[in-house]
Amino acid sequence: QHVAEERAALQLRLEGKTTEATLTQGVACDLTKLHLLEHGFEKANPTAIDHFQCDGRLTQEGDRALLEDVRFTHSTEKGPTHQRACLRKGERWHVDELVAPGVACP
């Protein structure tokens, strides 16, 4: 239930912000957290995602963006996982993929 409540709060906070031409760091973080809470990570269930931190730099080029330094814990790893969020805009911004540091977005 906690995950459902958190997803609902994120969706409410994102309302009207994902269609903007320019993505902000806060919106990118919220989209990334929502993506993890909806889809999980690798073999980890969305309910196993915890300790989410999003302090990284956001860079945007047109309809693509990269959010650095996304950290969280999940059930299949002992320590924090470090990822980069690749975001793309169609009708609205969304997380396209999470990649390891140093790995390019598709």
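Author: Gladly, and please keep in mind that this is a predicted model. Let's begin with Thr73, which is found in strand S3.

Reader: What makes the link between the side chains of Thr73 and His51 a polar contact?

Author: The two side chains are joined at 3.2 Å, and the cut-off for such a pair of N or O atoms is within 3.5 Å, so the pair qualifies as a polar contact. Leaving aside neighbours within four places in sequence, Thr73 is also in contact with other residues, including Ala48, Ile49, Gly79 and Pro80.

Reader: Is His51 buried or exposed, and how do you know?

Author: His51 has a relative accessibility of 55%. Exposed means over 50%, so His51 counts as exposed. This residue lies in strand S1.

Reader: Why is Asp69 called partly exposed?

Author: Its relative accessible area is 32%. Buried needs a value under 20% and exposed one over 50%, so Asp69 falls in between and is partly exposed.

Reader: And why is Arg71 called buried?

Author: The relative accessible area of Arg71 is 14%, and the limit for buried is under 20%, so Arg71 is on the buried side. The place of Arg71 is also in strand S3.

Reader: Which side chains make polar contacts with the side chain of Arg71, and how do you know?

Author: There is one with the side chain of Asp55 at 2.8 Å and one with the side chain of Asp69 at 2.5 Å. Both values are within the 3.5 Å cut-off, so both pairs are polar contacts.

Reader: What makes you place the buried residues of H1 on the same side?

Author: Val3, Glu6, Leu10 and Leu14 are buried in H1. They cover an arc of only 70° around the axis, which puts them on the same side of H1. What covers these buried residues includes H2.

Reader: How does the reach of H1 compare with what is expected?

Author: H1 has 13 residues and reaches 18 Å from its first C-alpha to its last, close to the 18 Å expected at 1.5 Å a residue. After H1 comes Gly16, whose phi is positive, near 80°.

Reader: Lastly, which residues have the most contacts inside the largest nonpolar core?

Author: They are Leu23, Leu31, Leu36, Leu67, Phe72 and Leu87, in a core of 25 residues. Helices H1 and H2 and strands S1, S3, S4 and S5 each supply at least two residues of this core, and H2 gives the most, with seven residues. Not counting residues up to four places away in sequence, Leu87 touches Leu23, Leu31 and Leu67, among others.

How values were computed: Residues are numbered from 1 along each chain as its sequence is written. Side-chain values use heavy atoms; hydrogens and water are left out. A nonpolar core is a set of buried Ala, Val, Leu, Ile, Met, Phe, Trp, Tyr and Cys residues joined through side-chain atoms within 4.5 Å. Buried means under 20% relative accessible area, exposed over 50%, partly exposed in between (1.4 Å probe, protein chains only). Helices (H or I, at least four residues) and strands (E, at least two) are DSSP runs, numbered from the N terminus. Contact means heavy atoms within 4.5 Å. A polar contact is a pair of N or O atoms within 3.5 Å; within protein, one must be able to donate a hydrogen and the other to accept it, and residues adjacent in sequence count only if both atoms are side-chain atoms. The expected span of a helix is 1.5 Å times one less than its number of residues. The arc is that of the directions from the helix axis to the C-beta atoms.
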